[in-house]
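Trainee: I am new to this structure, and I would like to understand where the descriptions of it come from. Could we look at it together?

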Amino acid sequence: MDYRIRQREYLLAISRALTSELDLGDVLRIIVQASVEFISGRAGAIVLADPIDHTFRIAAIYGLPREHFERYVPLLQGLPYEEGSENEAIPELTWRMQKVAQAAEIGVAQVLRLPMMSGETLIGMIYVFQAGNYHISSDAAGLLQSFADQAAIAVKNARLYQEVIAEKQRLDAILEQSADGIMILGPQLEITRFNPALSRMTGWDAAGAVGRPHEELIRWQKLRTDQDLETALANGWPLPGAVHLYVEGELLRRDNKLISLGITYAPLLNHRGVMTSIIANVRDLTRYREEEALQKTFISIVSHELKTPVSIIKGYAGTLRRRDAHWSADVQDEYLAVIEEEADNLADLIDNLLEASRLQSGTFKLELNDEVDLPKLAAETVRKFSSQTDRHNFVLDFPPDYPMALGDERRLTQVFNNLVSNAIKYSPDGGQIVIRGEVHANYVTVSVQDQGIGIPAHQHHKIFEKFSRLDNALSRNTDGTGLGLFLTKAIVEAHGGSIWFHSNERPTNGNPPGTTFTFSLPRENRS
Ligand code: ATP
Ligand code: MG
């Protein structure tokens with residue numbers, strides 16, 4: 001009677017431990033204690049097989065003194081096991097356990113062991129140490145084995161749980177690290193997950209977003225697709241066979257700025273076809289839209305820039321061909337010179353466009369093996385441009401020991417042309433243009449200083465971007481594609497140098513300060 005009550009109590013305690021949220025170590029300790037007490041043993045231990053290297057490690061002990069732990073642990077590991085030999089006193093085992101008992105300072109006569117099986121695999125073992133040689137009834141043995149089975153279940157559950165946790169951590173990491181925005185909506189379209197990428201796009205942090213209704217955060221200002229999520233749902237989305245919904249447009253961020261987004265909504269349906277949640281994948285289309293706008297700018301600028309020289313050439317050529325007029329040799333010469341100059345402009349423009357597209361496609365190559373005389377290039381550039389203006393005077397200021405630079409002469413000529421033509425173009429009232437060279441320990445610099453209209457601070461960041469022209473009356477009235485500085489920067493950087501600019505000190509006469517562009521090139525290493 002007493003036996004049956006105890007039996008029930010132990011089983012109850014174990015099943016309670018199994019269903020409670022104790023960690024595996026605590027559950028195993030309860031099981032080993034029950035096993036020991038049930039047969040009035042002295043002590044017990046549970047060892048578990050490592051799923052990877054299959055060696056046995058202690059997972060729980062009862063009645064064994066902790067302070068001698070390291071003495072008996074090695075004896076418990078790596079014991080041979082044969083199927084069908086459980087519940088038997090095995091000489092090898094008993095011998096070893098005598099030593100364990102000695103080490104642990106408990107008197108022991110007999111050791112029982114109970115295998116913990118998961119299907120066909122042995123995942124662990126319960127050892128029970130007894131002080132005398134008692135016979136264990138088959139009833140009691142059966143019950144002990146059921147303790148071992150419970151322990152096996154506990155281990156299996158714990159491992160499954162750990163796998164689930166690991167899987168969840170992996171999914172969380174994907175969600176957190178994804179460069180695309182991801183959010184998960186509940187059945188009422190409330191936001192349940194909101195990842196950092198989406199926070200960056202929308203300006204809402206996860207804590208502020210979670211729990212809010214979808215429509216409160218996803219405020220479309222302009223839709224490019226027919227419908228948004230709410231309208232689509234009202235129209236019966238998702239239809240059976242659950243298809244994705246794509247919504248694209250401009251969205252108001254939390255700070256009321258606009259951002260171009262595309263959102264793909266994927267419904268999750270349960271087995272009855274009821275939608276339980278929606279996973280939304282959000283992509284920032286701003287760059288794509290900018291690229292599109294750039295293409296448009298490109299076409300309008302280029303067609304304008306191509307049209308001007310072509311119509312001049314056509315006009316002059318047509319005039320020269322008129323049969324009713326006779327042109328003096330001087331006039332013919334002058335007209336032909338204009339045609340030639342405009343043809344050169346066209347060629348330059350086409351060159352620039354080709355370079356820009358080579359830069360974009362990554363096939364931009366430099367021949368860095370010319371010995372380039374920068375002061376000479378500067379002088380040639382000045383000679384070329386001074387015939388085009390009588391408002392500007394040029395000053396060349398290079399020290400006599402200015403070293404040769406190793407580079408691509410044709411490309412560096414382009415750099416000079418761009419900087420000097422800008423200095424002229426953007427100082428319409430004329431003034432001085434100084435081209436100065438400086439020698440430093442590891443690099444040389446060349447600067448081009450003008451007394452022109454200057455570059456306002458808020459536009460500094462745009463200046464080297466392709467097709468960017470500052471929005472002032474002058475840019476609108478002067479020719480240019482906005483490619484000059486973009487290419488200049490690329491060329492200088494391909495030489496291992498860099499380019500920058502600053503506004504000059506404001507002169508006392510109230511004139512605008514003008515701008516100085518400076519580029520550096522690494523000095524040749526002649527050692
Ligand atoms: P391109 O050189 O292709 O014919 P661009 O001169 O307009 O055209 P960039 O040389 O790239 O293009 O210059 C970009 C813009 O920077 C110019 O449109 C102008 O607004 C501004 N800028 C460049 N240099 C100066 C300068 N020295 N002073 C004032 N503004 C300048
Ligand atoms: Mg230019």
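Trainee: In which strand does L268 lie?

Mentor: L268 lies in β9, the strand that covers residues 258-269; helices (H or I, at least four residues) and strands (E, at least two) are DSSP runs, numbered from the N terminus. This is a predicted model, in which local features need pLDDT of at least 70 and side-chain atom pairs count only at pLDDT 80 or more, while totals for chains, interfaces and linings use all residues. Residues are numbered from 1 along each chain as its sequence is written, chains are lettered from A and ligands numbered from 1 in the order in which they are written, and side-chain values use heavy atoms, with hydrogens and water left out.

Trainee: Why does L268 count as partly exposed?

Mentor: Buried means under 20% relative accessible area, exposed over 50%, and partly exposed in between, with a 1.4 Å probe and protein chains only. The relative accessibility of L268 is 40%, so L268 counts as partly exposed.

Trainee: What does L268 touch, apart from residues up to four places away in sequence?

Mentor: Contact means heavy atoms within 4.5 Å, and on that basis L268 touches V274, M275, T276, S277 and I279. As for G186, which is 82 residues from L268 along the chain, the C-alpha atoms of the two are separated by 9.9 Å.

Trainee: How many helices and strands does the protein have, and what makes it more spread out than a compact globule?

Mentor: There are 15 helices and 17 strands. The radius of gyration, taken over C-alpha atoms, is set against a globule rule of 2.2 Å times the number of residues to the power 0.38. For 527 residues that rule gives 24 Å, and the protein has 42 Å, well over that value, so it is more spread out than a compact globule. Along its principal axes, the C-alpha trace spans about 135 × 75 × 50 Å.

Trainee: What makes a set of residues a nonpolar core, and how many residues has the largest one?

Mentor: Such a core is a set of buried Ala, Val, Leu, Ile, Met, Phe, Trp, Tyr and Cys residues joined through side-chain atoms within 4.5 Å. The largest has 36 residues, and L419 and F519 are among those with the most contacts inside it. Its largest share, seven residues, comes from α13. Leaving aside neighbours within four places in sequence, L419 is in contact with V448, L485, T488, I499, F517 and F519. A second, separate core of 31 residues includes V36, I39, I126 and L143.
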